[in-house]
Amino acid sequence: MQYSYPRVSCSAKGGTGGDMGPFQITPSLYLYYEPEVRVALNLEKFADPYYLVQALFAATAALRDSAKYHGIAPRHVQITNRALVEMIAATYHAGPRNWKRHTGENSYGERTLTNIEIGNQ
């Protein structure tokens, strides 16, 4: 399916806009995982980040690799380890080269932790 305009969550003005689909994956990160998604789901055409199953496969692969990047087996990630979850969320959001800029107070990683804590109440 081809789009006549970019379908993103919001404009990039002011920071982190431009993520796509239900898992808010960045376009460049999605393009990196799209071939893996296409093969895993046996798709003939481009995997669409707005289709839930396709987006879930891409997000899972990205989170798996974020954990591996930090030397952690994904099955050992526990939601109670705040620093680890923040690191993985920041890597998912910004990639392996920029993740450190997205940790700490008022960062993407910290906001992710806040959302997780709110969701678990």
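**Helices, rings and contacts**

Author: Leu29, Tyr30, Tyr33, Glu36, Val37 and Ala40 of helix 1 meet Gln54, Phe57, Ala58, Ala61, Ala62, Arg64 and Asp65 of helix 2. Contact here means heavy atoms within 4.5 Å. The model is predicted: local features need pLDDT of at least 70, side-chain atom pairs count only at pLDDT 80 or more, and totals for chains, interfaces and linings use all residues. Residues are numbered from 1 along each chain as its sequence is written, and side-chain values use heavy atoms, with hydrogens and water left out.

Reader: What makes a stretch a helix, and how is the crossing of helix 1 and helix 2 described?

Author: Helices (H or I, at least four residues) are DSSP runs, numbered from the N terminus. The axes of helix 1 and helix 2 come within 9 Å and cross at roughly 115°. Those axes are lines fitted to C-alpha atoms over the stretch in contact, with angles running from 0 to 180 degrees between N-to-C directions.

Reader: What lies at Tyr33 in helix 1?

Author: Tyr33 is the site of a kink of about 45°, shortly before the proline Pro35. The bend is the angle between axes fitted to the seven residues ending at a residue and the seven starting there. Just after helix 1, Asn42 takes a positive phi of about 55°.

Reader: Why is the pair of Tyr30 and Phe46 called edge-to-face?

Author: Rings of Phe, Tyr and Trp (its six-membered ring) pair if their centres lie within 6.5 Å; planes under 30 degrees apart count as stacked, over 60 as edge-to-face and the rest as tilted. Tyr30 and Phe46 are 6.1 Å apart centre to centre, with 65° between the planes, so they are a pair and edge-to-face. Tyr30 lies in helix 1 and Phe46 in the loop between helix 1 and helix 2, so the pair ties together parts that are 16 residues apart in sequence.

Reader: Are Tyr30 and Phe46 buried, exposed or partly exposed?

Author: Buried means under 20% relative accessible area, exposed over 50%, and partly exposed in between (1.4 Å probe, protein chains only). Tyr30 is at 1%, so Tyr30 counts as buried, while Phe46 has 46% and is therefore partly exposed.

Reader: What makes Tyr32 and Tyr33 an aromatic pair?

Author: Their ring centres are 4.8 Å apart, with 85° between the planes, and the pair is edge-to-face. Tyr32 is exposed at 57%, whereas Tyr33, at 5%, is buried.

Reader: What do the buried residues of helix 1 pack against?

Author: They pack against helix 2 and helix 3. The buried residues are Leu29, Tyr30, Tyr33, Glu34 and Val37.

Reader: Why is Gln54 called buried?

Author: Gln54 has 12% relative accessibility, so Gln54 counts as buried. Leaving aside neighbours within four places in sequence, Gln54 is in contact with Tyr30, Val37, Leu41, Leu43, Ala47 and Asp48.

Methods. Helix = DSSP H or I, 4+ residues; strand = E, 2+ residues; numbered from the N terminus.
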